[in-house]
Each structure stands twice: as structure tokens, then as C-alpha cells.
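Colleague: I would like to learn how to read a structure like this one. Please show it, and then we can go through its features in turn.

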Amino acid sequence: MPRKRITIRPTVEYLSILNETGDLDEALDPGLDADRCLYLYRLMVLTRRLDERCINLQRQGRIGTYGPSRGEEAAHCASAIVLEPQDWLVPAFRQPGALIHRGWPEEHAMLFWGGFEEGCRTPDGVNDLPLNVPIASQVPHAMGIAWGMKLRHDPHGVIVYLGDGATSEGDFHEAMNFAGVYHLPLVVFVQNNHWAISLPLSAQTASETIAQKALAYGFSGIQVDGNDALAVYVATREAFERARSGGGPTLIEAVTYRMSVHTTADDPTKYRSDDEVQAWEKRDPIARFERYLRGRKLLNDELVREIEDDVQERVRAAVERYEGYRDRIDPLDCFKYMYADLPAELVAQREEFRQAIEREAR
Amino acid sequence: MAQLNMVKALNLALREALAEDDRVVLLGQDIGQDEGVFRVTESLLKEFGPKRVIDTPLAEGAIVGGGIGLALYGLRPVCEMQFSGFAHQAYHQIENHMSRFRNRTRGRFTLPMVIRMPYGGGIRAVEHHSESREAVYAHTPGLYMVIPSTPRNARALLLESIRHPDPVIFFEPKAVYRAFREDLPDEPETMPLGKAQVVCEGSDLTLISYGAMMRPTLEAADDLASEDGSSVEVLDLLTVSPIDTEAITASIRKTGRAVVVHEGPRRCGIGAEVMARIMETSLEYLEAPVRRITGYDVQFPYFAREQLFLPGPQRIVHAAREVLAY
């Protein structure tokens with residue numbers, strides 16, 4: 001019955017491979033082949049241009065409130081490319097590039113933020129859940145999918161994305177705890193962008209890192225430079241290797257920055273300084289990766305222009321497809337997917353709704 | 001044919017579901033080694049093993065949220081909330097996710113899952129263990145809200161709920177768990193969700209209830225028959241969302257008088273919904289205003305006061321006589 005000290009080992013790894021100025025730690029370079037590198041670069045540029053376009057669409061009233069992903073492209077794109085098709089991906093709502101990589105149409109985010117449920121319609125054959133607006137409530141779903149994999153001896157894994165604010169939610173704790181207890185093939189990927197609307201990270205948690213929270217649940221955590229595509233890629237690849245080989249869950253904290261507004265309904269000048277934003281501007285993940293690719297002679301001005309042109313065309317085509325949806329609205333669809341068999345009372349309500357629309361259209 | 005109480009009947013349904021479909025998994029607190037605090041999962045861990053009958057950490061949100069993930073993956077989870085009073089810690093998962101996946105993914109993902117929970121008063125339980133909040137779930141689009149009243153319909157409805165393609169909240173009237181036995185057929189039996197049952201036919205008055213309140217309601221019907229010679233029809237809703245409007249309408253058009261009985265709060269309760277439907281479909285058939293005998297709109301009292309609080313046969317008979325005399 002002594003009063004004694006219990007020794008714990010509160011250490012987490014930190015990983016950075018490509019620094020702010022584009023200098024490379026060659027020993028840590030994963031040596032991604034040229035195609036993979038250029039694919040990732042193109043995906044990040046596409047994500048950025050789509051994001052800019054969505055902001056414009058919102059300003060023009062062509063979509064509703066929009067939650068941008070500017071500055072967080074390396075974090076979610078470089079992690080998503082690690083997955084195999086049989087792995088599952090569970091997003092929050094700042095991972096548009098990850099979903100496009102997985103096979104979602106470029107316009108999915110426009111559809112979602114434009115008020116169409118179709119933006120949540122996971123394409124056939126894609127193992128992803130749709131965007132999730134409530135904070136952290138998607139983490140238990142990812143845990144459950146990983147649980148299913150474990151029960152069924154499926155040698156794959158699940159990645160779930162969330163923000164720093166989400167780590168304060170009960171769902172984060174509950175899902176982390178289950179993942180640890182059942183030793184699940186789950187990669188919990190925290191896009192720590194420093195701001196949960198107006199609340200800074202320092203007011204969100206007293207933990208020195210978010211990565212260390214994993215230790216309390218009995219698994220490992222790693223903090224990576226979230227604007228360093230190579231570090232994100234390596235940490236995620238290691239986490240998936242662990243997951244697929246029965247090594248249990250991993251928490252990855254990708255330290256990044258929300259370069260834009262929380263959503264277009266938000267005014268960050270009320271709570272944060274331009275200086276802080278400008279400091280992060282220098283750490284831009286796309287510019288940094290571009291410098292790396294130029295250093296490896298994989299990219300030059302001509303190719304950058306070519307990629308920009310290709311991306312602009314894809315954005316234009318996505319907007320066109322999105323705009324086409326408006327003509328295809330059937331308001332009665334709100335009943336269509338509620339139940340496998342629509343109960344009689346809803347059949348009656350659908351008919352009432354149909355008649356009301358007909359009357360009001362006259 | 002076996003004579004079983006409701007606990008054994010539910011146990012049988014779970015066993016049948018586990019045996020017929022290897023995608024069925026049970027999740028919950030103390031459901032394995034301990035066999036459930038009410039023993040509903042008795043011997044199932046032994047029979048089906050820890051990959052089918054899973055003791056979870058103590059977290060209602062993760063049991064339901066993780067259950068959602070299991071269903072998305074292709075399994076058929078049956079989650080147990082130890083008491084309905086604690087299911088509120090999972091309510092955001094139920095409202096924001098479980099009820100919505102089919103619609104928001106345009107049918108790409110569906111959630112064939114069941115959340116079982118004991119509900120209701122009458123067993124001298126501690127605070128938070130006696131509430132009836134079926135109206136909360138009935139008010140949530142996308143769910144089925146099922147409440148059996150006897151061992152036989154409990155087994156049939158639970159098996160049907162587990163086989164069902166959409167999420168089901170399954171309330172178990174714990175006051176009925178061990179109250180009586182009923183003959184159950186040996187072969188698996190199901191009943192359709194969303195269908196009420198006429199338990200006894202009559203022509204003067206309809207008593208409409210469900211769950212644990214079926215017993216005092218049936219007792220009241222007997223009293224009205226033997227003491228007053230009244231011919232009382234009793235309707236057991238069995239599913240309170242969606243509600244079997246057709247059955248209610250048919251009965252009301254026959255009797256012209258009704259009393260609705262439930263133990264949950266009156267305001268925006270199932271009784272209010274039943275009355276609204278009677279107004280909508282059968283106003284001209286009514287011989288008297290419909291009455292409600294329900295729990296009051298107060299917190300469920302601690303158990304020293306619960307027997308007085310819970311609607312009993314006398315209260316139902318009194319209201320029925322007023323309706324009959326109107």
C-alpha cells in the first residue's frame with residue numbers, strides 16, 4: 001500500500017522532412033516516384049483552385065455557406081493517397097482533395113455546400129463516408145468500421161479526419177478508447193489547424209501536443225508538420241502499415257493552419273491577427289512541395305502552367321456539372337430515401353406535398 | 001411450444017438472430033460474462049463467442065456510433081443500452097447519424113441495426129431508470145420505434161427488427177420482463193413493424209395503448225366488461241413510429257369513443273399523435289372527446305411514489321366511464 005510514482009513514457013515523435021524553405025532531410029525522404037509526386041502536386045493544386053472557386057461561388061450566391069480547406073491540402077491529400085481502395089476514409093468537412101482522390105466527383109463539395117444531398121452520395125465502389133458537419137461524431141463511425149474489419153479479419157484500415165477542436169468532444173474520447181481497447185486498425189488523423197472558429201488551440205486543450213493524447217488510450221501518437229506533404233505521407237504510410245498488420249491504432253497530429261475563414265459566414269479579423277496568418281503564408285504546403293519537385297527536376301514552369309490549365313478546366317467542368325443539378329431537383333426526393341419501404345403515413349404525406357407543389361405552381 | 005417470460009423470449013429472439021445470420025453482433029455493457037443486468041443475453045456469449053456477443057467499455061455514444069460503423073461495414077449490430085435513461089448520451093448519434101445515413105447518402109449506405117433498451121417505471125429502480133421517452137424517438141424521422149407488450153410479440157418483433165433494413169429503436173418494458181409467461185411457438189416467428197394489433201374486439205369504446213401499459217389497459221377492459229357490461233376494444237400499437245393509422249381509424253369508426261393510455265409524459269406524447277390522427281380521419285364518427293391517461297408532464301418520481309404515479313386500471317376505467325357517459 002505505498003504511495004509511489006508510476007512511470008509513464010510521455011513521448012511522441014515529431015516528423016518533418018521538408019522544411020519551410022523547401023530544404024529536404026534526405027535521410028527521411030520517402031523517395032516517392034515521379035508519377036506519384038506529380039499526381040499529389042496536381043491533386044493539391046486542384047484542391048486549392050476548387051476551394052478558391054467555391055469561395056467565389058458563395059460570394060455570387062451560387063452555393064451556400066462554404067468551409068474552405070486553404071492551407072490544409074498537404075495534410076489531407078498526402079495522407080489520403082496512402083490508402084488502398086479497400087481501406088475506408090471518413091472525412092470531416094475540410095478534406096475535399098482526399099475525397100476527389102478516392103473517386104468522388106470534383107463537384108461533390110459544391111453540391112454539399114450548394115444544398116444538394118447528392119454531395120453526400122458516396123460513389124459506388126468507394127469506401128468513404130460523406131462529409132460530416134457535427135464535430136467528432138464521425139470518429140465513432142470510423143472506429144466501428146475498423147471494428148468490423150477486426151471482427152472479420154479484413155487486413156485493411158480506416159482513416160478518420162477531424163480538427164483540433166474535435167479532440168475536446170466526448171465522441172473523440174469514446175472512439176479513441178474503444179480503438180485502444182479493441183486494438184483496431186484505425187488511423188485518427190487530426191488536422192490541427194490551430195483554430196476552432198474563434199477558439200485558438202491554446203484555449204482548446206492544456207496538452208502540449210494533441211499527439212500525446214493517444215498515449216492515454218494505449219497506442220502511439222505522432223506529430224507531423226502538416227504542411228509538409230512528405231512527412232504527412234510517411235507518417236500515414238507507417239500508421240497504415242501498423243493498422244494492416246494488426247499493430248492497432250495510431251493518432252497523427254498534422255500541424256497545419258486554417259489560412260482562410262472557418263466558413264464564409266465567419267470573420268476571423270475579430271479574433272486573430274494578420275501577422276499570424278502572414279507567418280503561416282510562408283509555410284504554404286503547395287509552394288513548399290513545388291520547390292521540392294523543382295529541386296528534383298520533376299517540375300518546371302512549363303509543366304506548372306500545363307497543370308494549372310488542366311486544373312482550371314476540371315474546375316470549370318465541375319462548376320458546369322454542378323449548375324446542371326439545379327434543373328434536376330425533384331422535391332419529392334425528400335421522401336425517397338427515408339426508409340427501405342416508405343410507411344403508409346409518409347406515402348400520404350408525400351402525396352399531400354405533391355398536391356401542394358402542384359397547387360402552388362399554378 | 002414453450003412457456004416463456006419476456007426476458008427469455010427476447011433471449012430466444014437474439015439467439016435465433018445470431019444463429020440465422022452471422023452478420024448479427026450484440027454490443028453492450030455487461031452483456032457477455034454478466035449476461036446482461038436483466039439476463040436478456042443469458043448464455044449467448046458461451047454459445048456464440050466474444051466476436052458475436054461483445055462486452056464494451058462504458059460509453060453509450062460509442063456503442064451506438066461504433067454500431068453505426070459496424071453496420072456501414074456490413075454487419076448487423078444489436079446494441080444494448082443498459083437503461084433507456086442513459087441512451088441520451090447516444091442521442092446525438094441516433095438523431096444526427098443513425099436516422100439519416102440512408103437519406104443523406106441517397107440510399108448508398110443503409111443501417112440495418114437495432115438499439116434495445118429497457119424503459120419504463122414500476123420496478124422500484126433508482127433515479128434515471130424509470131422514464132418512458134418513446135416520443136423522443138418517434139419524433140425523429142428515419143427510425144422505427146417499437147415497443148412490445150408480451151413475451152410472444154417481444155420475440156417476434158425483436159427478430160423482425162434485427163432482420164429489418166432500417167434502424168429500429170426497440171423499447172423493452174422492464175416491468176413486464178418477468179411479470180408473466182406466454183406460450184411461444186418453437187419455430188422463429190415474426191410480426192411486421194408498423195402494424196397494431198386488436199387484442200380484444202368490442203363495439204362501445206376503444207382503449208389504445210402499448211408496452212407496459214397494456215396490462216392495466218387490459219385489466220381496465222375486463223373491469224368495464226364485468227362491472228358495466230361495456231364492450232371494449234383494445235388496440236396494442238406495438239410500433240409507435242410509424243403509427244398504424246389504419247388500425248386506429250378502423251377501430252374508432254366502429255366504437256366512436258377512445259381512451260389512449262401511456263406512461264410517458266402527455267405533452268407531445270404518443271397519445272397526442274393518436275388523437276390528432278383520430279381528428280384527421282374520423283371526427284364525424286366520434287361520440288365523445290378522446291381522453292388521455294398518461295404520465296404527467298413532470299419528472300418521473302422516485303420509486304416511493306411511482307405506484308401512485310403510474311396509470312393503473314382504476315384511472316383508465318374512470319376515464320372510460322366518462323367517455324362512455326358523454
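Colleague: How far apart do the C-alpha centres of domain 1 of chain B and domain 2 of chain B lie?

Modeller: A note on the source comes before that. This is a predicted model, in which local features need pLDDT of at least 70 and side-chain atom pairs count only at pLDDT 80 or more, while totals for chains, interfaces and linings use all residues. Residues are numbered from 1 along each chain as its sequence is written, and chains are lettered from A and ligands numbered from 1 in the order in which they are written. Domain bounds come from an automatic or database domain assignment. In chain B, domain 1 covers 2-184 and domain 2 covers 197-325. Their C-alpha centres lie 26 Å apart.

Colleague: How many residues of domain 1 of chain B are in contact with domain 2 of chain B?

Modeller: Two residues are in contact if their C-beta atoms, placed from the backbone, lie within 7 Å. In chain B, 27 residues of domain 1 are in contact with 21 residues of domain 2. Helices (H or I, at least four residues) and strands (E, at least two) are DSSP runs, numbered from the N terminus. On the domain 1 side of chain B, α6 (134-138), β6 (144-146), α7 (151-163) and β7 (168-173) each supply at least two of the touching residues. The one that gives the most is α6(B), with four residues.

Colleague: Which classes of residue make up that side of domain 1 of chain B?

Modeller: Ala, Val, Leu, Ile, Met, Phe, Trp, Tyr, Cys and Pro count as nonpolar, Asp, Glu, Lys and Arg as charged, and the others, Gly among them, as polar. The side of domain 1 of chain B that touches domain 2 has 15 nonpolar, seven polar and five charged residues.

Colleague: In what order do the strands of the open sheet of seven strands in chain B stand?

Modeller: Two strands pair if DSSP finds at least two bridges between them. The order in this sheet of chain B is β3-β2-β4-β5-β7-β6-β12, and the pairing is mixed. At the edges are β3 (53-55) and β12 (239-241) of chain B, each of which pairs on one side only. For angles, axes are lines fitted to C-alpha atoms, for helices over the stretch in contact, and angles run from 0 to 180 degrees between N-to-C directions. Neighbouring strands of this sheet are turned by 20 degrees against each other on average, direction ignored. Within the sheet, β5 (residues 114-119) of chain B runs parallel to β7(B), and six bridges join them. One example is P118(B), whose bridge partner in β7(B) is E172(B). Helix α7(B) lies across β2 (24-28), β4 (76-80), β5, β6 and β7 of chain B, at about 160 degrees to β7(B).

Colleague: Why is one side of β9 and of β14 of chain B left without a neighbour in the sheet?

Modeller: These strands belong to an open sheet of five strands in chain B, with the order β9-β11-β10-β13-β14 and mixed pairing. β9 (197-200) and β14 (291-295) of chain B stand at the edges with a single partner strand each, so one side of each has no neighbour in the sheet. From one strand to the next, the twist averages 25 degrees. Three bridges join β10 (residues 205-209) to β13 (residues 258-265) of chain B, and the two run parallel. There, T206(B) stands opposite A258(B). Helix α12 (residues 313-325) of chain B lies across β10, β13 and β14 of chain B, at about 165 degrees to β14(B).

Colleague: How many helices and strands are there in chain A?

Modeller: Chain A has 14 helices and eight strands. The radius of gyration is taken over C-alpha atoms, and the globule rule is 2.2 Å times the number of residues to the power 0.38. For chain A the radius is 22 Å, close to the 21 Å that the rule gives for 362 residues, so chain A is as compact as a globular protein of that length.

Colleague: Which helices of chain A supply residues to the side that touches chain B?

Modeller: In total, 32 residues of chain A are in contact with 38 residues of chain B. α5 (139-151), α6 (170-182) and α14 (344-361) of chain A each supply at least two residues of the chain A side. Of that side, α5(A) gives the most, with 10 residues.
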